[in-house]
Structure formats: structure tokens, C-alpha cells
Amino acid sequence: LDPKYGMFKYFEESRLIWFSDQTFEDIDLFHLIGVVCGLAIYNFTIVDLHFPLALYKKLLNKKPTLEDLKELMPGVGRSMQQLLDYPENNIEDTFCLNFTITLENFGATEVKELVPNGDSILVNNENKQEFVDVYVDYIFNVSVASLFFAFSEGFHKVCGGKVLQLFQPNELQAMVIGNTNYDWKELQKNTEYKGEFWAEHPTIKLFWEVFHELPLEKKKQFLLFMTGSDRIPILGMKSLTLVIQSTGGGEDFLPVAHTCFNLLDLPKYRDKDTLKSKLIQARSVVVKLLNEDRIKIGRAH
């Protein structure tokens with residue numbers, strides 16, 4: 001999904017991705033990603049996909065709107081809203097728009113018509129809604145039709161059927177990327193222990209004291225450190241089980257997370273300050289790497 005591979009565009013303002021109409025990759029790869037997305041739902045697995053809600057609308061045969069453009073491209077979306085809200089009758093002179101869209105194509109500027117002879121049709125007070133509608137349609141439908149079709153085919157190959165139509169787009173999105181209904185006490189309750197640890201072990205008691213004192217953002221970062229995502233499954237914390245096991249290293253060692261197994265290797269720290277310091281240090285490394293990846297993605301765009 002990294003935009004450096006050319007399959008998706010990264011929009012820095014929203015930190016979301018969308019299909020790239022300039023890709024050279026085989027269409028089958030989009031089919032494969034659709035299958036992976038469908039498998040995430042089938043297996044109740046969270047996948048860190050930074051797609052806008054429009055993707056899930058399209059999967060449910062619902063039409064993206066200006067609100068979806070605002071989510072993906074906030075600056076452009078605001079401009080379109082300003083156009084619609086403009087009260088005067090001199091739109092032609094004020095906005096100087098016609099029915100075209102200007103795109104960047106490998107460093108060159110390319111102008112595409114949104115309707116036949118669009119370059120000769122000025123946007124005015126009577127047709128401004130039509131202009132916004134065809135602009136939104138181009139971004140979410142026309143420009144990526146073949147790519148989304150392949151993705152959708154792969155997705156519905158795993159998650160097809162009438163039951164899918166019971167979902168709203170935001171519910172389907174939550175099935176894939178999880179939700180943010182955090183219940184930290186439930187997380188503690190569902191955690192399992194291995195090695196020398198049990199629920200009342202002194203180190204474990206210190207661990208949960210430290211954890212519950214953390215602010216929300218730090219707790220979310222710990223969840224990311226442990227599971228690879230700061231969101232939780234659609235079924236809530238009750239469906240998320242962490243495992244904490246003791247390690248033979250001394251107090252100089254950092255905790256180590258195995259995200260594929262939701263497993264934390266935790267040294268047997270004896271005091272609260274040391275445990276807190278080591279836990280924050282280990283978690284910060286992951287957050288730093290994540291931020292570096294986001295910077296690289298932004299530069300690739």
C-alpha cells in the first residue's frame with residue numbers, strides 16, 4: 001500500500017490513500033488487496049488501511065459525495081463548498097472555472113475534461129452543483145474505475161452475499177480497521193500471562209498501575225506497540241487478548257513486543273519508576289519508526 005509502489009496516492013493533508021490512476025502495476029494486484037481486505041473481515045483481523053469512508057460506500061454501492069472529497073482532499077473540498085455557498089452571480093469572473101480538472105502527471109500538468117467539451121463550458125451559478133458533482137464523480141469513480149472494479153471483485157470474492165448490505169459504510173470500515181471504543185479495564189481482564197507471571201505477580205501489578213496512569217494517547221501508542229494498530233476489533237476489547245510473559249533478562253533490558261501474537265516479553269522489573277521508564281522508552285521507538293514511515297510516504301507522494 002506504500003505509495004512509492006505507485007498503486008495508491010497519498011494525500012498528506014488527510015493522511016489517507018486512494019487509487020492512483022497513474023499506476024503501472026498489474027490490475028491483479030488490486031484484486032489481491034481486495035481479497036486481503038475481505039479476509040480481514042472474515043477473520044476478525046484489524047488491517048491498518050488508510051482509505052477514506054468513500055471506499056466502503058462504493059463497496060456497498062453507495063455514491064460518494066462532496067463530504068467524502070472533504071475527507072480525502074480537505075483543501076479541495078473546502079473550495080468546492082465555497083463555490084456552492086457563493087451568493088453572488090459573478091461566479092465566472094470570481095472563480096474562473098470550467099468543466100475540467102488539472103492533474104499532476106509525473107511532474108507535468110495535465111488537464112482533463114469532466115464532460116464533453118468541458119474546457120469551453122464555464123462554471124456559473126446555474127451549473128455549479130453539476131460541476132461539483134462531476135468533479136467528485138471523477139475523483140472517486142471515473143478516474144479509478146478499472147482499479148476499483150478489480151479491488152471490489154477481490155473483496156466480494158471473500159465477503160460477498162446479501163449479508164454485506166446489512167452494514168452501513170462506517171460499520172464496514174470498522175470491521176476492517178477496528179474502532180476506538182476503548183475499555184482498558186476489559187483489556188486488563190482479558191490479558192493472559194506466561195512464564196513466571198500471573199495476575200497478582202508484583203511486576204504485573206506494577207505494570208497495570210503504570211498503564212492505567214498513562215493518558216489516552218500514550219495508551220493508544222502502547223496498543224500500537226503491542227498489536228500493530230491503535231484501534232480495536234469491531235467486537236470490542238473483549239475480543240482482544242494480550243499475552244505478557246516473563247523474560248530472563250535483567251532490569252537493564254527493554255520490553256519486547258511480538259505484534260503478530262499480541263505478546264509482550266516483560267523483564268521482572270522490581271520498581272514502578274524503572275518499569276515506567278523502560279516501557280515508555282520501548283514504545284517510543286515504535287512511534288518514532290511509524291512517524292519516519294509516514295514522512296517517507298509523504299515524500300514518495
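Student: At what angle do the axes of the two helices cross?
Tutor: Roughly 160 degrees, and the axes come within 9 Å. Helix 4 covers residues 74-85 and helix 6 covers residues 128-140. Because angles over 145 degrees count as roughly antiparallel, helix 4 is roughly antiparallel to helix 6.

Student: Is the crossing left-handed or right-handed?
Tutor: Helix 4 passes helix 6 in a left-handed crossing.

Student: Aromatics next. How many aromatic pairs are there?
Tutor: The count comes to 22 aromatic pairs. One of them is tryptophan 208 with phenylalanine 211, whose ring centres are 5.5 Å apart.

Student: Why is that pair edge-to-face?
Tutor: The planes of the two rings are at 85 degrees, and over 60 counts as edge-to-face.

Student: Where do tryptophan 208 and phenylalanine 211 sit?
Tutor: In helix 10, residues 202-213. They are 3 residues apart there, so about one helical turn separates them.

Student: What is the mean pLDDT of the chain?
Tutor: It is 87, with 92% of the residues at 70 or more.

Student: And where is the pLDDT below 50?
Tutor: Over residues 290-301. Beyond near neighbours in sequence, that stretch has 8 contacts in the model. Where pLDDT is low, the predicted coordinates should not be read in detail.

Key: Residues numbered from 1 in each chain as written. Predicted model: local features only at pLDDT ≥ 70, side-chain atom pairs only at ≥ 80, totals over all residues. Heavy atoms only, no water. pLDDT = per-residue confidence, 0-100. Contact = heavy atoms within 4.5 Å. Axes fitted to C-alpha atoms, helices over the stretch in contact; angles between N-to-C directions. Helix = DSSP H or I, 4+ residues; strand = E, 2+ residues; numbered from the N terminus. Parallel < 35°, antiparallel > 145°, perpendicular 65-115°, else oblique. Left-handed = near helix turned anticlockwise from the far one by under 90°. Phe/Tyr/Trp six-rings, centres within 6.5 Å; stacked < 30°, edge-to-face > 60°.
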